[in-house]
Amino acid sequence: MRSPRRCSRNGCPRQAVATLTYVYNESTAVVGPLAAFAEPHTYDLCEPHARSLTAPRGWDVVRHEGEFEPPPPTTDDLVALAEAVREAARPVAPRPPENDETLNTAPQTGRRGHLRVIPPTH
């Protein structure tokens, strides 16, 4: 299961609830609700950092006025969790006993993906 996105600020362990984007040609920093996907030139922020963000002199800050809420779990997260539980609950298949009689039988070949396993000849 994916872990929730964390705040981009160094050393901050909190969950991200807002996204910061810079509009350089307008000298504006925009802080809005958490974007659906992490983008290369955006920053995820926790609520305290989203609320206290300041911009350089001469820049404007456009800030979302509503509440910043963490995103709900996606169906991908729920499916991944269900698959992990199913995998953990699967019984382990018993291994066949290995003894000297089975090792001295005729050579066998097997397949592993696109490779073929050929036993050594004696």
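Residues are numbered from 1 along each chain as its sequence is written, and side-chain values use heavy atoms, with hydrogens and water left out. Because the model is predicted, local features need pLDDT of at least 70 and side-chain atom pairs count only at pLDDT 80 or more, whereas totals for chains, interfaces and linings use all residues.

Four strands form an open sheet in the order 3-1-2-4, with mixed pairing; strands are DSSP runs of E with at least two residues, and helices are runs of H or I with at least four, both numbered from the N terminus, while two strands pair if DSSP finds at least two bridges between them. The edges of the sheet are strand 3 (42-45) and strand 4 (60-63), each of which pairs on one side only. On average, and with direction ignored, neighbouring strands of this sheet are turned by 20° against each other, the axes being lines fitted to C-alpha atoms, for helices over the stretch in contact, and angles running from 0 to 180 degrees between N-to-C directions. Strand 1 (residues 18-23) and strand 2 (residues 28-33) run antiparallel and are joined by six bridges; Leu 20 has Val 31 in strand 2 as its bridge partner.

The structure holds four aromatic pairs, where rings of Phe, Tyr and Trp (its six-membered ring) pair if their centres lie within 6.5 Å, and planes under 30 degrees apart count as stacked, over 60 as edge-to-face and the rest as tilted. Among them is the edge-to-face pair of Tyr 22 and Tyr 43, at 6.2 Å centre to centre and with 70° between the planes. Since Tyr 22 lies in strand 1 and Tyr 43 in strand 3, this pair ties together parts that are 21 residues apart in sequence. Tyr 22 also pairs with Trp 59, and because the ring centres are 5.9 Å apart and the planes stand at 85°, this pair is edge-to-face; Trp 59 lies in the loop between helix 1 (47-52) and strand 4, 37 residues from Tyr 22. Tyr 22, with a relative accessible area of 28%, is partly exposed, a class lying between buried (under 20%) and exposed (over 50%), for a 1.4 Å probe and protein chains only. Tyr 43, at 38%, is partly exposed, as is Trp 59 at 24%. One aromatic cluster is formed by Tyr 22, Tyr 24, Tyr 43 and Trp 59.

A search of the whole structure finds zero disulfides, a disulfide being a pair of cysteine sulfur atoms within 2.5 Å. For Cys 7, the nearest cysteine sulfur is that of Cys 46, 3.8 Å away, and Cys 7 is buried, with a relative accessible area of 7%. Cys 12 likewise has the sulfur of Cys 46 as its nearest cysteine sulfur, 3.7 Å away, and counts as buried at 11% relative accessibility.
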